[in-house]
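Reader: I'm new to this one. Could you walk me through how to read it, a feature at a time?

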Amino acid sequence: MKVVHSIDELRRDIRSRRERGQRVGFVPTMGALHEGHLSLVRVARGHSDAVVVSIFVNPTQFGPTEDFRIYPRTPEKDLALLDGEATDLVFMPDVSEVYGKDAQITVDPGPAGSTFEGRIRPDHFRGVLTVVAKLFNMVQPDCAVFGQKDAQQIYLIRRMVRDLNFPLEIIEADTIREGDGLAKSSRNVYLKVGERPLATVLYRALCAAQRRFAEGDAGLKGLQSAMADVIESVPEFTADYATAVSKETYGETDPVADTGRLIIAGRLGSVRLIDNMRLK
Ligand code: AMP
């Protein structure tokens, strides 16, 4: 496994792989890797000859009051985990390598970028799409793998790839969960011991709405109230939203189609948690 820090080294390595006819798969991450990230690496491996992983905590996707400075950073452990997955190339640039001195042009995420996560975290998706576009241009992968854990993010990345004609395939990977249903996340380390068992509220709310849907209630109100009942049972959790959205628009629809997605996010103490589930 090779580790590079500059765009020049990255491009040189990838060029030589292409000359050897390799198909390049890409997994962008912010590090603090866990089993969820490693599952993306395995999916990428199944779709490509060479797997490139980036580790970059992207400052432009954090709001001024968010956790950029304290976001968990565990580079040695990350590299050991990636080595264990037979990763070919790891790109670990610093902020100035990615943004230079005076970058000004950004990617506008469009209307679906200012709802749900975008409403709670203004400019988050502008930061995400801008860095993903930059990384795509640096790596020029044949395919890139993202987790369904961040459903609105993957929706917007797909739109960006389509609307701006990026020549690559986007592959989605399932959400990896703890035994009790909590979606794995680098931010779970922020949960206090007493909060950890309560954090299953998101998964339990999603399951309750999924059950309601399976019983034949596709009405938006019914699905929202199934989630609200579970949420009310955990007063420590303050929901930002708990609803269902359409696959096509990432907006609410009533009734909800069987291709729709249940989405939930909120705050448990000082920790922000998000989760989602495809309806079935
Ligand atoms: P992050 O490092 O949090 O920016 O995440 C990098 C990639 O890992 C994104 O595509 C996420 O959607 C994905 N990811 C994060 N958590 C999980 C999880 N529990 N299961 C699957 N993928 C995940």
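Author: Let's go through a pocket, a helix and a few loop residues in turn. Keep in mind that this is a predicted model.

Reader: Okay, pockets then. How does anyone spot empty space among atoms?

Author: Rolling a probe the size of a water molecule over the atoms shows where there is empty space left. Here, take the second largest pocket, with a volume of about 380 Å³.

Reader: Which residues lie nearest the centre of the second largest pocket?

Author: Those are Tyr-155, Arg-158, Glu-172, Lys-247 and Arg-261, out of 17 residues that line the pocket. By class, eight of the lining residues are charged, five are nonpolar and four are polar.

Reader: And which helix gives the most to that lining?

Author: Helix α7, residues 151–163, with six residues.

Reader: Which residues of α8 are buried?

Author: To call a residue buried, look for a relative accessible area under 20%. In α8 the buried ones are Val-201, Leu-202, Ala-205, Leu-206, Cys-207, Ala-208, Ala-209, Gln-210 and Phe-213. What they pack against is helix α9 (220–232) plus the strands β7 (237–245), β8 (261–268) and β9 (271–278). After α8 comes Gly-216, with a positive phi near 110°.

Reader: What does the side chain of Thr-87 have a polar atom 2.8 Å from?

Author: The backbone oxygen of Leu-82. Thr-87 sits in the loop between α3 and β4 (89–91), and at 3% relative accessibility Thr-87 counts as buried. Beyond its neighbours within four places in sequence, Thr-87 is in contact with residues including Met-1, Val-41 and Arg-45.

Reader: And where is Lys-184?

Author: In the loop between β6 (169–173) and α8. Lys-184 has a relative accessible area of 21%, so it is partly exposed. Not counting residues up to four places away in sequence, Lys-184 touches His-34, Glu-35, Gly-36, Lys-149, Ile-176, Arg-177 and Glu-178.

Reader: Last topic: backbone angles. Which residues other than glycine have a positive phi?

Author: Phe-116 is one of them, with phi near 45°, and Asn-165 is another, at about 60°. Phe-116 belongs to the loop between α4 (95–99) and α5 (117–120), while Asn-165 belongs to the loop between α7 and β6.

Reader: Which peptide bond is cis?

Author: The one from Asp-254 to Pro-255, with omega near 0°. Pro-255 lies in the loop between β7 and β8.

Definitions and conventions
Residues are numbered from 1 along each chain as its sequence is written. This is a predicted model: local features need pLDDT of at least 70, side-chain atom pairs count only at pLDDT 80 or more; totals for chains, interfaces and linings use all residues. Side-chain values use heavy atoms; hydrogens and water are left out. On a 1 Å grid over the protein atoms alone, a cavity is a set of points where a 1.4 Å probe fits but cannot get out, and a pocket is an open set with protein on both sides within 12 Å along at least five of seven lines; lining residues have an atom within 4 Å of a point. Grid points are joined across faces, edges and corners, and a volume is the space filled by probe spheres set on the points. Helices (H or I, at least four residues) and strands (E, at least two) are DSSP runs, numbered from the N terminus. Ala, Val, Leu, Ile, Met, Phe, Trp, Tyr, Cys and Pro count as nonpolar, Asp, Glu, Lys and Arg as charged, and the others, Gly among them, as polar. Buried means under 20% relative accessible area, exposed over 50%, partly exposed in between (1.4 Å probe, protein chains only). Contact means heavy atoms within 4.5 Å. A polar contact is a pair of N or O atoms within 3.5 Å; within protein, one must be able to donate a hydrogen and the other to accept it, and residues adjacent in sequence count only if both atoms are side-chain atoms.
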